[in-house]
Amino acid sequence: MERLDDEGQWIVLMGVVVATGMFILAIIINQAPMVGQSTSEAVLEFPKNEIQDIRYHLAPIAALGNDTDNMTLEQRIRADMQALSMGRNNVVLDFDIYRDTGFEDLFYRYNELDIHYNNGVTTYDEEYSVPVRL
Amino acid sequence: MKRNWVKGMDDDGVSEAIGFILIFTIVVLGISIVTLYGYPLLQKSQIGSDERIMEQNMITLQNDLKILTLSNVPYRDTTMGISGGSIFVLDSNQTDDDNHNFQVWYDNESYAPLNETFSLGALRFISAQGQAAISVENGAVVKRYQDAEGSTMVADPRWFYDETYDTLVLFFTEIQADRAMSGDGIANIQMSMLDPPEVVEDVTYGPGLTRPVGITYHNDDVFNYSTAWDNYLTGSTIRDGGFTYDSVQDRYEMNVHRLVIKKYTVKIERV
């Protein structure tokens, strides 16, 4: 009877280790689907430029005084901005202008412009101080 | 006969033939047990993973539709592997024939409330071995099993409600295809939106006033996704409390101050 040679047992052991590893990898791959798709989408979709454009167009309106002509103008611009925002960017937009904030310094008086922006993914509100030269 | 004799090891009566038969039997038994019980299980999990992959693919398609419609991109194409079934394109005429569409009842401040019908069309995956049917309809991904009653919404459409100004925004996406199309294996789905989006209604009721909006989902008889839409509309996804179901009129109602309805028409060029 020959002596039992058990020098090669590590090969069997490696086999077991590799098999277990592949099994665990397979489980991990199975768990992978649908992680973070909407989250990354929401971050990428933040409409920075649209909001800046809206602020750019509304700031001069907010700097106007509150006589009747300007109020009519404000109402017309509100309707136009709302229709444009909805038509182009699917945005519910509205704004309020406060002209009697009482904030002023040596050269400027500040009107407050509140912008509300909601496109279903991003809801954004901002208070913007519009400087008016005294 | 020459005999090997080692103390404590007596191989009288040991037959190679019997040993072989024993080992062979064990192997054959093992194989047959795996074939009988293991294989169907493996296949089942294969169908399950196919369906899950397709669910993900349909979400990709829905995302592409969203980019096409909401971001004003005229062309878009997606290549995807379709496993365990086929994908079908249904023209909006076809879904209209099955009386499968949305109806919106609302007040646009004229004499009588309006009742507008929106055609749908769909991209639908039907599993070959399993029972799953996953559809992209009206910008949402919905799923059902053909042997079961209910259905679920995998991904919501982008309808939204603005709480600050009490505004409800509804988007309707109509899918058109000039011929019947289906895809299998690796499919390249090409879509386009060449007609500009249409603002069907943008109505603001008087200061402080709210008016009801009613939505009715007419389901397809076979591919009935009404449970999914019911849960979406009555749940808190759009707004806390959602729509309330009026069983007399068979519609989901909500009172809003401003209502916007937009309609997109997407054409599937080829699959």
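Chain B holds an open sheet of five strands in the order S3-S2-S12-S14-S13, with antiparallel pairing. Strands S3 (114-119) and S13 (244-246) of chain B sit at the edges with a single partner strand each, so one side of each has no neighbour in the sheet. This is a predicted model, where local features need pLDDT of at least 70 and side-chain atom pairs count only at pLDDT 80 or more, while totals for chains, interfaces and linings use all residues. Residues are numbered from 1 along each chain as its sequence is written, and chains are lettered from A and ligands numbered from 1 in the order in which they are written.

**How to read the terms**

- Helices (H or I, at least four residues) and strands (E, at least two) are DSSP runs, numbered from the N terminus.
- Two strands pair if DSSP finds at least two bridges between them.

**The sheet of chain B**

**Chain A overall**

- Chain A has four helices and three strands, and from the N terminus on they run α-α-α-α-β-β-β.
- Of its 134 residues, 14% count as buried, that is, with 20 or more other C-beta atoms within 10 Å of their own C-beta, placed from the backbone (12 or fewer is exposed, in between is partly exposed).
- Take the contacts in chain A between residues at least 6 apart in sequence: 50% of them join residues at least 24 apart.

**The sheet of chain A**

- The three strands of chain A form an open sheet in the order S1-S2-S3, with antiparallel pairing.
- Its edge strands are S1 (92-104) and S3 (123-133) of chain A, each pairing on one side only.
- From one strand to the next, the twist averages 20 degrees.
- S1(A) pairs with S2 (residues 108-118) of chain A over nine bridges, in the antiparallel sense.
- Phe103(A) stands opposite Tyr110(A) in S2(A).
- Helix H3 (residues 48-62) of chain A lies across S1, S2 and S3 of chain A, at about 140 degrees to S2(A).

Terms used:
Contact = placed C-beta atoms within 7 Å. Axes fitted to C-alpha atoms, helices over the stretch in contact; angles between N-to-C directions.
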